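The exercises below concern one protein chain, shown next. Each consists of a task and a solution worked in steps.

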Amino acid sequence: MIKKIIASILIVLMIIPFQALEADYTHADSGTATISVSTLNVRTGPGLSYPVLTKVHRGEEYSIVDTQNEWYKVTTDSGEGWVAEWLVSVEAAASDVSPKQERRVITDGLRVRKGPSTSEGVVTVLNSGDRVSVSDEEGDWLFIESDKGSGWVHEEYVSENNATPSPSKKSENKQGIITDNSLNVRTSPSLQSSVLGVLNKGDHVEVTGSVSGWYEIQFGSDKAWVNDAYVEFSSMANDEEPASSSTNLVGIITVHSLNVRDETSLNGSVVGKVSKGEKYSLLKEKNNWYQIKLSNGKKGWIAGWYVQKTVTASAHESEPSSEKENVTVLYNGTNIRSEANARASVIERGSSGDSFPVISKNGDWYEIELDDGSAGFVAGWVVSIRSSTGENTTPPRKRSGGLQDKVVVIDPGHGGRDSGTIGASGTLEKLLTMRTGELLAEKLKSAGAKVVLTRKNDEYLSLPSRVSLSHYYQADAFISLHFDSILDSSIVGHTTYYYQGHQEELADEIHGSLAERLPTKDRGVRVGDYHVVRENNQPAVLLELGFLSNPAEEANVNTQYFQDLAATAIYHGLGDYFTN
C-alpha cells in the first residue's frame, strides 16, 4: 500500500510543470534588440566563454527569440546566437496585455535596476521629468520602460497616474549662437541621454523650446537639446534680419579609412573611401547609415557609427584662408606631415621661429607652403597664427599658471560589473585604479586644481559616459588610470598611451615624470586605439601603471607606497605640462 502511495506521488510530481527556484526578471523573450556599440560579438552560447558566431554593428536590429540571465538569443544572417543584454537596447514586441501606464520620474539620479531590489545591478539612470511606461509591478517596485532602457524602480520615485506632470517645455522662437566648441547635442534634456552630434563655436541654431538648464533646437530634421549655458542670443534691432541657422547636417568621418558602399549594409559593394576628418553633407539617413556624395559625383552610404554629426558651418569646413595668414612654429623638431592627421608621414621638421604661409585650413590642421614651393600640414596646437595685419589669431590654450584652477578629470578604469584585469593572486584592477585615483585627486586639489572623478565608488560607467564628462567639464587634462595584464607573466613595466596629436605633449610630460620616479620598467609612450583617448576632444592619456599578470609586480603595485608614488609622479607631470 505504501509503495502505491509513493508511486502515485511521484507520478503527480512528474506531470506538474517545473517551477524555477530563481526569480527571472527578464521581460523580453520576444521583440527587437538594437545594437548599442560599434562592433559586438554574437556568441554560440549565453556567456563570454562561448565561441564567436559572427559580429554585428551599432544600430542594427535583430529579433529576440530567447533570454537567459543577462543574454538575449537573436536571429542573424549567420544563424541564432547570443548577445550581452548590457550592450543592446530592447524594444518589446506588442502583446495582448493591459496597456502600459505613462508616468514621469520625479527625482534626479533614479537608478533603474535589473530586479525589484536595491541589491540588483543598475541598468541605467533617469532624471526628473523623464517619461516612462509601467508594464508590471511587484510589491513597491515597478517595471518601467524608457528610451534609456528598461528595468525596475521604486514606485516612490515616479508620478502617480493622475499626478501633475513635471513643468512642461516652454515654447521659444529664437536664433541662437553657440559659444563653445564640441558642444554635445542630445536626444533629451539630460546628461544621461544619448549624444546625436556636436556643435561648435559660432554655429547658428534655431531654438524652439526650453526647460530648466536646456534649450530645444532644430538639428537637421530632428528636435534635440543643448545645455543653455553655451547658447547666446543676438541683441540686434528688431528690424534687422537674423543670421540664418542651418538645419542641414554635416558628417565628420571619425576613422582613418571608411568604405563607402552602394547599399546600407556591410555586404554592399565598395564605391569609394573617405578618411578621418573629412566632412560630407548627409543627404539621407536609413538604419543608421548615411548617404553622401563623393568628389567624383558618385553617391554612396557610410556606416553611421563612424560619423559625428554637426550642422553646416563654413567656419568649420576645409577652405582657403580668406586673408593671408602665416604660421610660426613654436617648438624645435615640429613635425610637418604629408596629410592632415597625426599618423601621416613626416616630410620635414620645423624649428622654433620658422614661419610659413597658410594655404588652407583643415579642421585643427593648417596646410602650409614650404620653402621649396611644396605643401605640408602642421597641427594648429604647435604653431602661432598671425594674419596679414600682424594680429595673433592663435586660439588661446590654458597652459600657464600651473595647476591652479585647471580642470583635471581623473578616470579610475573599470568598476562595478567590469572588474578589469584580475591579477595572478586575485587583485582586481578596478579597486587599484580607484585607490590611485583618490590619492591623485587629493594632491591636485591641494594645488588648487578643480578635480572631477568619473566614478567615486565601485560602480559601472560606460566608456562614452567617461568621455562625455571630459567634454562637459571642458577638461584641461583627462587621465585614465589602468593596470595591465598579458599571458606572458614575465612582462613588467608602465606604459603611457595617447591617440590624437594634440594629446602627445601631455603624454610626454606625464610619462617623463613616471619614468623618473617609478621603480618599474619604462615601456615608453605609444599611440593606443582606446575609446577614452580616441573619442576625447580634450588633452587625454591612458596610463598602464604595471602588470598584474606578473606576481612580483602585482605585489608591488598593491602597496600604499607604490600607489602614492604613482599619484605623485602624475601630479608632477601635470604640473610640468601646465607650466611654460
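**Exercise 1. Serine 419 and lysine 430**

Which residues does serine 419 touch, not counting residues up to four places away in sequence?

Solution. The model is a predicted one.

Step 1. Beyond four places in sequence, serine 419 touches His414, Leu428, Glu429 and Lys430.

Step 2. The relative accessible area of serine 419 is 18%. Buried means under 20%, so serine 419 is buried.

Step 3. Lysine 430, one of the residues that serine 419 touches, is found in helix H2.

Step 4. With neighbours within four places in sequence left aside, lysine 430 is in contact with Gly413, His414, Gly415, Gly416, Asp418, Ser419, Arg455 and Asp458.

Step 5. Lysine 430 and leucine 481 are 51 residues apart in sequence, while their C-alpha atoms lie 9.4 Å apart in space.

**Exercise 2. Helix H2**

Determine what span the 18 residues of H2 should have at 1.5 Å a residue, and state what covers the buried residues of H2.

Solution. 

Step 1. The expected span is 1.5 Å times one less than the number of residues. For the 18 residues of H2 this gives 26 Å, and the end C-alpha atoms are 26 Å apart, so the two values agree.

Step 2. The buried residues of H2 include Leu432, Met434, Leu439, Leu440 and Leu444, and among them are also Glu429, Lys430 and Lys443.

Step 3. The cover over these buried residues includes E37, strand E38 (450–453), E39, E42, H6 and H7.

Step 4. Just after H2, glycine 448 takes a positive phi of about 95°.

**Exercise 3. Helices H4 and H7**

Where do the buried residues of H4 fall when seen down the helix axis? State also what covers the buried residues of H7.

Solution. 

Step 1. H4 (residues 504–517) has 14 residues; from first C-alpha to last, H4 reaches 20 Å, close to the 20 Å expected at 1.5 Å a residue.

Step 2. Leu506, Ala507, Ile510, His511, Ser513 and Leu514 are buried in H4. Down the axis of H4 these buried residues fall within an arc of 155°, so they line one face of the helix.

Step 3. Strands E39 (477–484), E40 (494–498), E41 (522–527) and E42 (540–547) are included in what covers the buried residues of H4, as is helix H7 (560–577).

Step 4. H7 has 18 residues and reaches 26 Å between its first and last C-alpha, close to the 26 Å expected at 1.5 Å a residue. Among its buried residues are Phe562, Leu565, Ile570, Leu574 and Tyr577.

Step 5. H4 is included in what covers the buried residues of H7, together with E37, H2, E39, E42 and helix H6 (551–557).

**Exercise 4. Positive phi values**

Which loops hold aspartate 405 and glutamine 474, and what is the phi of each residue?

Solution. 

Step 1. Most residues other than glycine have a negative phi.

Step 2. Aspartate 405 lies in the loop between strand E36 (383–387) and E37. Its phi is near 70°, a positive value, and aspartate 405 is partly exposed at a relative accessible area of 42%.

Step 3. Glutamine 474 is placed in the loop between H3 and E39. Its phi is positive, about 50°, and glutamine 474 is partly exposed at 23% relative accessible area.

**Exercise 5. The largest cavity**

How many residues line the largest cavity, and which element gives the most to the lining?

Solution. 

Step 1. The structure holds two cavities of 30 Å³ or more. About 150 Å³ of space lies in the largest cavity.

Step 2. The lining of the largest cavity has 14 residues, and Leu183, Asn184, Tyr230, His471 and Tyr472 lie nearest its centre.

Step 3. At least two lining residues come from each of strand E15 (183–186), strand E19 (222–227) and helix H3 (463–472). E15 gives the most, with three residues.

Step 4. By class, the lining consists of six nonpolar, six polar and two charged residues.

Terms used: Residues numbered from 1 in each chain as written. Predicted model: local features only at pLDDT ≥ 70, side-chain atom pairs only at ≥ 80, totals over all residues. Heavy atoms only, no water. Helix = DSSP H or I, 4+ residues; strand = E, 2+ residues; numbered from the N terminus. Buried < 20%, exposed > 50% of the residue type's maximum accessible area, 1.4 Å probe, protein only. Arc of directions from axis to C-beta. Contact = heavy atoms within 4.5 Å. 1 Å grid on protein atoms, 1.4 Å probe; cavity = no way out; pocket = protein on both sides within 12 Å on 5 of 7 lines; lining within 4 Å. Points joined across faces, edges and corners; volume = space filled by probe spheres on them. Nonpolar A, V, L, I, M, F, W, Y, C, P; charged D, E, K, R; others polar.
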